[in-house]
Amino acid sequence: MSNDSARLVVQRGPIPNEEFPLTAERITVGRAPANDITLTDPEVSRRHAQIVLQAGGYAIEDLGSTNGTFVNGRRVVGLTPLHHGDIIELGEAISLIYFEAGQPPIDATMAGQPVAVTEEASSARIRSRTAPPPSKDQRTGWTTRQWLLGCGCGFLLFVFLCMALLFFLDAYQQGRLLYCGPLQPLFELLLGPFGFSPACL
């Protein structure tokens, strides 16, 4: 088959090494016969994915399939650009290799490599499915060291405020004793207009 157009080559599926040239601006892939590329496998949804021609080349998009679409082991979310040699997986049973226009045929570039690439992509796909969601600390960017530093600063601030309060109360008591002493008339004359009038026992 000519290499003048981009194409998909079946790596794992019903007919290995079968080639599908990409010559339209929008190409649908799925199990239903109405698709541009039909792959009859139960892992493939009736309308599984579509391949769209963009300015920089082709991109693939999942169409809400049951088993998902993956490129090099990563789940496709939205339009994902394709590059020469990318491994496209439809569910667990189908894998395709993307070839850009003008690239050599499969025998010249992928000899002896499909199995190793497939295992690597499958392992990455499994990790992406089973990886635990990020913790709240990871989402907000706080590390354990930052939490400890923040708690330590908060404790020191609390101690400082307590000491300041004790100092203020002590100073107020000393001032009250001075105010209520022999100089009380003078303080009343100077500070009375400002509302400063502590009770003297």
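Visitor: Hi! Which strand order does the five-stranded open sheet have, and what kind of pairing?

Guide: Hello! The order in that open sheet of five strands is β4-β3-β5-β6-β9, and the pairing is mixed. Keep in mind as we go that this is a predicted model.

Visitor: Noted. Which strands stand at the edges there?

Guide: β4 and β9 (80-81) do. Each has a single partner strand, so one side of each is left without a neighbour in the sheet.

Visitor: And β3 with β5, parallel or antiparallel?

Guide: β3 and β5 run antiparallel, and four bridges join them. If you want a pair to click on, I27 stands opposite I51 in β5.

Visitor: What else does I51 touch?

Guide: Leaving aside neighbours within four places in sequence, I51 is in contact with L8, L22, E25, R26, I27, V29, Y58, A59, I60 and L82. I51 is also one of the residues with the most contacts inside the largest nonpolar core, along with L8, L22, L39 and I88.

Visitor: How many residues does that core have?

Guide: The largest nonpolar core has 22 residues. As general background, nonpolar side chains tend to be buried together in soluble globular proteins.

Visitor: Where do β1 and β11 sit, then? What's the order in the six-stranded sheet?

Guide: That open sheet of six strands runs β2-β1-β11-β10-β7-β8, with antiparallel pairing. Its edge strands are β2 and β8 (74-75), each pairing on one side only.

Visitor: Let's stay with β1. Why is it described as largely enclosed?

Guide: Because six of the seven residues of β1 are buried, the strand is largely enclosed by the rest of the structure.

Visitor: How many bridges does β1 make with β2, and how many with β11?

Guide: With β2 there are four bridges, in the antiparallel sense. With β11 there are five, also antiparallel. On the β2 side V9 stands opposite E19, and on the β11 side R7 stands opposite F99.

Visitor: What sits between β1 and β2?

Guide: Six residues, and the two strands form a hairpin. In the turn, N17 has a positive phi of about 70°.

Visitor: Switching topic: how many cavities of 30 Å³ or more are there?

Guide: The structure holds one. The volume of the largest cavity is about 30 Å³.

Visitor: Which residues line it?

Guide: The lining is L8, V29, A49, I51, I60, I88, L90 and L96. β5 and β10 are the elements that give two or more residues to that lining.

Visitor: Now the loops. Where is H48, and is it buried or exposed?

Guide: H48 is found in the loop between β4 and β5. With 0% relative accessibility, H48 counts as buried.

Visitor: What does its side chain reach?

Guide: The H48 side chain reaches the backbone nitrogen of S45 at 3.0 Å. It also makes a polar contact with the side chain of T69, at 3.3 Å. T69 itself stands opposite L90 in β10, and strand β7 (residues 69-71) is joined to β10 by three bridges, running antiparallel.

Visitor: What else does H48 touch?

Guide: Not counting residues up to four places away in sequence, its contacts include V29, G30, E43, D62, L63 and L90. From H48 to L63, the C-alpha to C-alpha distance is 5.4 Å, with the two 15 residues apart in sequence.

Visitor: And N35, where is that one?

Guide: N35 lies in the loop between β3 and β4 (37-38). N35 counts as buried, because its relative accessibility is 8% and the cut-off is under 20%. Its side chain reaches the backbone oxygen of A32 at 2.9 Å. Beyond four places in sequence, N35 touches T28, V29, G30, R46 and R47.

Visitor: Last one, for the whole chain: how many helices and strands, and how much is buried?

Guide: There are five helices and 11 strands. Of the 201 residues of the chain, 29% count as buried. Among contacts with a separation of 6 or more, residues 24 or more positions apart account for 40%.

Methods: Residues numbered from 1 in each chain as written. Predicted model: local features only at pLDDT ≥ 70, side-chain atom pairs only at ≥ 80, totals over all residues. Heavy atoms only, no water. Core = buried A, V, L, I, M, F, W, Y, C linked by side-chain atoms within 4.5 Å. Buried < 20%, exposed > 50% of the residue type's maximum accessible area, 1.4 Å probe, protein only. Contact = heavy atoms within 4.5 Å. Polar contact = N/O pair within 3.5 Å; in protein donor to acceptor, adjacent residues only side chain to side chain. Pairing = 2+ DSSP bridges. 1 Å grid on protein atoms, 1.4 Å probe; cavity = no way out; pocket = protein on both sides within 12 Å on 5 of 7 lines; lining within 4 Å. Points joined across faces, edges and corners; volume = space filled by probe spheres on them.
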